[in-house]
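User: I've got a new model open and want a quick tour of its packing. Can you walk me through it?
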Amino acid sequence: MTDWTHHSFPDHEVNLVFARGLAPDALVGRLRDLLREPLAHGVANGWTWAVHDMLSFEADDYELVDYVGISQGGGEIVVFVTEPCSAKAHGPDFSYYRDGRMVLHFSFEDVEQRVGENPDHLSAELLAANLIGPGADCGWGEGDGHDCSEHRDDDEERLVKTIADFFVLPSPPLAAKVVAR
């Protein structure tokens, strides 16, 4: 998923977290409190960022991370779960949290199904990028030798770019402070 994490952490299923309004030490500390040791972290473009394992096998913790708790107290959190279930080939998902509330969440597999306090938070941008709405279909449809899954990577890249542009996220590659494990 994008150049942010693509092949950067072999043998890891990672989440990429961007935080605004949260100092780097605070984000790292809150992730550690949730048993998610950052594999790398840094600051860029006004955002603190961290990459961490989705699950904590060492602590037998297979639950999702409580980003609502991490964003409490005035922070904004943008999260990309890059491989929510790679064994089952599920696509990435995206969440946006602000002040301890989930504002928006959706799976890359079905951007039309958005949930959260404001599921339309990015709707205008997603519509303009033809990721939702009448222009979202590729136009070819299945059959006649066309396989819509062949352009899934392009759609995913366009989706990440739309999200990154909206939030003014730092562009990859991110300058990492690699954490010794």
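User: Leaving aside neighbours within four places in sequence, what is phenylalanine 167 in contact with?
Analyst: Keep in mind that this is a predicted model. Phenylalanine 167 is in contact with Arg20, Trp47, Val78, Phe94, Tyr96, His121 and Leu122, leaving aside its neighbours within four places in sequence.
User: Which residues have the most contacts inside the largest nonpolar core?
Analyst: Val78, Phe80, Phe94 and Phe167. That core has 28 residues.
User: Which elements give two or more residues to this core?
Analyst: The strands are β1 (14-20), β2 (38-44), β3 (47-53), β4 (76-81), β5 (93-98) and β6 (101-107). The helix α5 (152-167) is on the list too. The largest share comes from α5, with 5 residues.
User: What lies apart from this core?
Analyst: Another core, of 15 residues. Ala19, Ala50, Ile70 and Val79 are among them.
User: Switching to β4. How many of its residues are buried?
Analyst: 6 of its 6 residues. Both faces of β4 are covered. Glu76, Val78 and Phe80 are buried on one side. Ile77, Val79 and Val81 are buried on the other.
User: And its pairing with β1, parallel or antiparallel?
Analyst: Antiparallel, over 6 bridges. In that pairing, leucine 16 has phenylalanine 80 of β4 as its bridge partner.
User: How many bridges between β4 and β5?
Analyst: β4 and β5 pair over 6 bridges, in the antiparallel sense.
User: What stands opposite valine 81 in β5?
Analyst: Aspartate 93.

How values were computed: Residues numbered from 1 in each chain as written. Predicted model: local features only at pLDDT ≥ 70, side-chain atom pairs only at ≥ 80, totals over all residues. Heavy atoms only, no water. Core = buried A, V, L, I, M, F, W, Y, C linked by side-chain atoms within 4.5 Å. Buried < 20%, exposed > 50% of the residue type's maximum accessible area, 1.4 Å probe, protein only. Helix = DSSP H or I, 4+ residues; strand = E, 2+ residues; numbered from the N terminus. Contact = heavy atoms within 4.5 Å. Pairing = 2+ DSSP bridges.
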